[in-house]
Amino acid sequence: MIRLTGIEKDFGPTVVLHGVDLEVKEGTVTALIGPSGGGKSTLLRCVNLLERPRAGLLELGDLSVKFQGNQPPTRDQLHAVRRQTGMVFQAFHLFPHRTALGNVIEGLLTVQKLPRPAAEERGRALLQRVGLSSKENSYPGQLSGGQQQRVAIARALAGNPKVLLCDEPTSALDPELAKEVVDVLTALAQDGVTMIVATHDLRLAGAAASQVAFLDGGRVAELGSPSGLLGNPRLTRTREFVSHLKG
Amino acid sequence: MPRWLEILRDAFVPLVAAGAAFTIPLALLSFVLGLALGLVTALGRAFGPPPMSALARFYVWVIRGTPLLVQLFLIFYGLPAVGIVIDAFPAALIGFSLNMGAYTSEIIRAAIASIPQGQWEASFSVGMTWTQALGRTILPQAARVATPPLANSFIALVKDTSLAAAITVTELFQTAQRIAAANYEPLLLYSEAAIIYLAFCSLLSAAQSRLETRLGRHLNPLEVVR
């Protein structure tokens, strides 16, 4: 269970999150949709503490971190949260100086301190899972965008996180390459990987998600099932936004 | 054999011996120490608390703003006045290392800053600590960016070691001066010294190319379509 309670975040005078509550059950996928600037990315980055909320409670399984005032999380909390989350970025952010396999096993070697042969074995299994067994020795610069993002997904899964955080994983890809990534994420969802996915891609939200949250103005404006929220939204604002996504 | 060739031949062994005994060790040691000092200074300036950052800035400001020859004179001829007596070679080593540290710190700082923020975030997202992110993700990529300007500094240093002649280090250039003073052939001797410096710097340039290829093996060659 991942639970966010009253998460608030500001960047100086700009308040980006006004107390977000969200609950994600183990083995389910939550899609975050909403306009740019609505707080989707910031919310995801608060879950793995790339951003520090100014208030609220973050619960990841047994781990809970409370944010109050300007008190930073302890080192132990920070690393515990990071070890239990994986993140996929819009712009991939693969390590350019490491091969596909090297990217996937980097955390296993440095964070989990696995011996190299064990890490490589796990890394190869993950590359196979995202359909890239034949590319283990390729550098990111030699891969297509879709392949890079699939390597990034394998890298994010390597530490066996409680939740996979995907920040617009298909937004930098053309529709064909995006489909590769949607297919991989959908397959992972079917395997029971817990995910929170910020996306503008209705295929991804529709196919993989078990709940969809519409984030607008730093709040969860509407929460529902994919068919309900995307098919028959309650709020006019949601309806407008979803109709834009459908194009 | 013509006389000029004999002069060059007779001077060759002492010149190369002085280079091997003083010039090359001085350049190599100063570069290694200076690089370490430069890394610490760059990290202190970029990431340290305000006092450390200010100290780093002050050090770079003083070293870059004063002539290297003056620094060497201060260390070797000046410090004995306050009871600190340092032999010529270690004095030169200290001077050159301090100098290298200041210049290379700026190169390293710029190279670290050139690595996109996303690389830090990706490192943190797989669970790395700040130190691991720096050591495994940022510095290996920064090293490639820094190699050409660092090679520049190293080559400049090799030539600057000739200034150590002024504080009595019997390196290559001082040896040439001595021989020229005895045989009155400054044109020949200084030409020969210049050629030996040139040969050594050429070796370094070749080493730089190989290092760049090695550090950049994940990249296409640095070529731009015209």
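## A salt bridge to start with

Let's begin with one pair: B:Arg136 and A:Glu106 form a salt bridge, with their closest N and O atoms 2.7 Å apart. (A salt bridge here is a side-chain nitrogen of Lys or Arg within 4 Å of a carboxyl oxygen of Asp or Glu.) Across the interface of chain B and chain A, the rule finds two salt bridges.

Before going on, note that this is a predicted model, where local features need pLDDT of at least 70 and side-chain atom pairs count only at pLDDT 80 or more, while totals for chains, interfaces and linings use all residues. Residues are numbered from 1 along each chain as its sequence is written, chains are lettered from A and ligands numbered from 1 in the order in which they are written, and side-chain values use heavy atoms, with hydrogens and water left out.

## Where the chains meet

Chain B puts 18 residues in contact with 23 residues of chain A, contact being heavy atoms within 4.5 Å. About 1,900 Å² is buried between the two chains, 57% of it from carbon and sulfur atoms; that is the accessible area (1.4 Å probe) the two parts lose on being put together, summed over both. On the chain B side, B:Ser125, B:Arg136 and B:His218 lose the most area to chain A, together 31% of what that side buries.

## The largest cavity

How many cavities of 30 Å³ or more turn up in the whole structure? The search finds two. On a 1 Å grid over the protein atoms alone, a cavity is a set of points where a 1.4 Å probe fits but cannot get out, and lining residues have an atom within 4 Å of a point. Points are joined across faces, edges and corners, and a volume is the space filled by probe spheres set on them.

The largest cavity holds about 150 Å³ of space. It has 17 lining residues, and the closest to its centre are A:Arg155, A:Ala156, A:Gly159, B:Ser125 and B:Val126.

## The second cavity

The second largest cavity has a volume of about 40 Å³. Its lining includes A:Val29, A:Leu185, A:Met195 and A:Thr199. H7(A) gives the largest share of that lining, three residues; helices (H or I, at least four residues) and strands (E, at least two) are DSSP runs, numbered from the N terminus.

Conventions: On a 1 Å grid over the protein atoms alone, a cavity is a set of points where a 1.4 Å probe fits but cannot get out, and a pocket is an open set with protein on both sides within 12 Å along at least five of seven lines; lining residues have an atom within 4 Å of a point.
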